Structures are given as C-alpha cells and as structure tokens.
Amino acid sequence: MKFLPVSAESLEMAAQILIQGGLVAFPTETVYGLGADAFNPQALAKVFEVKERPAFDPLIIHIASAETLDKVADLSLLSGKMREKLFLLIKNFWAGPLSIVLPKNKNIPDIATAGLSTAAIRMPDNEAALKLISISGGAVAAPSANPFGSLSPTKAEHVRVKLGNKIDMILNGGQTKIGLESTVLDLSGDKIKLLRPGGVPKEAIEKLIGPIDDTSVTEPKHSGGKTSPGQLESHYAPKKALSVFEREEIIRQPFQTDGAFLFYDNSAKNEWLETQSQRLPKTAIIKVLSETGSAQEAASRLFETLHKLEYFNITHISAQLAPNEGLGIAINDRLKRGSLSPAARPAAL
Ligand code: TXA
Ligand code: MG
C-alpha cells in the first residue's frame, strides 16, 4: 500500500491506480473518500468488499466539473422546474458538501447505486480531489473511507489504521476542512427531500430554493417512504458506549473515572465543573468541541475527537448535543446515531 502526500506525481500515480481498477483513499473537504472508477463494476465491487458495506447502500459519485454531470446523470428525466432548482443549487453550493440525488445515467453500473435508478452526485471542494477525478476519467465513486458502521476518517492516518492493508493507496492531504459528510438532497421525485443532514445546512438550501421536505431525517421511522439507504440508525459508532445529553442535562451528570465527557462549548463545561462535588483527578478526560461554541469548528473536530477517545481506557462517553440549528443538526445526527449503535449500547439495555 502506498501512503503518499499529495503532489503532482502522487496524484498521477493515484489516477493510474483508479484507471486500472484499484482503490485509492483521497481527501475531500468533508471526510476522506475511498475512491474507485465510477464506470468500473469490478472496482466498485471491491469498495463494498473492503468496507464490508451492505450491497443495498449506494455510493456517491464524485465529479470535477458540472459539465461532467450529463455523463453520470440523466437530466432529461427532470421537470423544467426541477432542473432550474438543480442549476441554482449547483451554482451556489458546488464545489462543496452537497450530494444531489438525480436520475442516473445508464453508463453508471447498477452496483454503484445499489440497483437504484438514481445516483447521488457531488463535486468536492478540495483541489487534490478535483485533480484526481479529472485525470482519472471524470467520475470517482467514493463512500467515506472507513469500515461500514465505524467513524468517518478526517485524517489520512485514520484510513491507514482501519483500511491500510486492504487498499492500494492513501493520498495524504492533511486534516479535512469540514469534518462531517455532505448533505444528501434528493431531486429525483416530485418533492425535494433532505435525506442526510451534512456540510450544507438545510436553512441555506431553503433560502435558495424554498421549503424542502426533511421528514425522512426528523422522523425516519414514520416517513413511510424513502430515506437515504445508508442512514441506518447505528451509523458512525465509536467503539465506546456513547450517551448524548442536552446542555441542561449534561451539566448535572456526575463525573466517573471510567468515562469521558465531550462538551460542545466551554460555557457548558465550566458550568458542569462548578456542579461537581468532588475534585476531578488529573487524568479526567474532558474534551470540548469548540471553546467558543462555533458550529463549524465543532463539526470539524467531531470525528477527530471521537477517534481519539477510542484509544483511552474508558468504557463510555457522555456527549453534549449542539444547538439544533445549522451545522448543529448534522452534528447531532451523527452523535445520536453513534449513541444508538448496538455495540455502543450498555449491556443492561
Ligand atoms: O461527504 C461525503 O459525502 C463523503 C465524501 C467521501 O464525499 N462520502 C460519504 O459517502 O459520506 P457514504 O457512502 O459514507 O454515504 C453516502 C450516503 C449514504 O447515506 C447513501 O445511502 C446515500 O449517500 N446515497 C447514495 N446514493 C443514493 C441514492 N441514489 N439515493 C439515496 N441516497 C443515496
Ligand atoms: Mg459513510
């Protein structure tokens, strides 16, 4: 396995690997992706195998320019009105953390979309990713580069630890900027639907194109219809039992030596410290996602911090939920899913 920093040569090498049907992990602005040539079914099959990803969970197709869109999607199946909204979204949010579900072009193999007639497509806002995609054939299918159900990687090192022996190359582009996966928005039906909260907040989308339907995110069990097939409840699980609390709840939780605390901001942490009857040991593991309570900073540190907590000698993590707006909605989505994982559930339940 090659582990190389991003450079003109390593990008060329990575492109050759993709063209020959190999797998390359590469940085995007959200999380690291595990890339394969989107038109090569054998390479795509390897992605599912390496990630141990269920075959019903479709991949996101990454492109490097809006002109490539016609090669991966079939826009003739969209109404004129929907097409207008699509172009507005592309103009405002690409390159960026917005995946758009569209009728798929028949050149995209069924395995990429898990047999669906639609494909999720995005243009990542990362120079190395864009270059790699454009010199390797124009469309790279890439799920997050982590084993299915575990934490998404925000550093090349996270990929090396979990998948290093199973893939051909890791391009090291440092820490990812946003740190949370893209928002998934479905434009393939009559109504525009939010399928996964992510890097582009719902409010920003609605400001541009009007109200969207987010019931598959807010009431996944009752939406009665389509949600993102990958939005399984137990996604994004850290190896420790994770419990989530609103601000006013977490400040009442007592410290325990076998647990870590993950605060959203300093104000909650300080209030919690004041309520503790005992002096905390020096070894207490207390993390803060953003001292000042910036949702952007908190999002960029979330997975990174959870990755670190996996290595401490603790059994559980108590985490504070973010204010439920903007990027905070995506942060809370990941935290709540992590807390629902069967592996992370306390044995007594
Ligand atoms: O930020 C991201 O989106 C990262 C980077 C690498 O681009 N990728 C990522 O991929 O998070 P993955 O595979 O971990 O998540 C893809 C999500 C899943 O929830 C999947 O179900 C959904 O997108 N998805 C993909 N194709 C879809 C489709 N045709 N219809 C509905 N949902 C789809
Ligand atoms: Mg993922």
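## Pockets, cavities and cores

The second largest pocket is lined by S79, K81, M82, K85, D190, K191, I192, I209, G210, P211, I212 and D213. This is a predicted model, where local features need pLDDT of at least 70, side-chain atom pairs count only at pLDDT 80 or more, and totals for chains, interfaces and linings use all residues. Residues are numbered from 1 along each chain as its sequence is written.

Helix α4 (residues 80–93) gives the most to this pocket lining, with three residues. Helices are DSSP runs of H or I, at least four residues, numbered from the N terminus.

A pocket is an open set of points on a 1 Å grid over the protein atoms alone, with protein on both sides within 12 Å along at least five of seven lines; in a cavity a 1.4 Å probe fits but cannot get out, and lining residues have an atom within 4 Å of a point. The structure holds two cavities of 30 Å³ or more. Among the residues lining the second largest cavity are T183, L194, K202 and A330.

| Space | Volume | Lining residues |
|---|---|---|
| Second largest pocket | about 160 Å³ | five nonpolar, two polar, five charged |
| Second largest cavity | about 40 Å³ | six nonpolar, three polar, one charged |

A volume is the space filled by probe spheres set on the points. Gly counts as polar here, and Pro as nonpolar.

Now the cores. A nonpolar core joins buried residues (under 20% relative accessible area, 1.4 Å probe) through side-chain atoms within 4.5 Å. In the largest, of 50 residues, I61, L69, L102 and I121 touch the most other members. A second, separate core of 25 residues includes A260 and I317.

Definitions and conventions
Chains lettered and ligands numbered in written order. Heavy atoms only, no water. Helix = DSSP H or I, 4+ residues; strand = E, 2+ residues; numbered from the N terminus.
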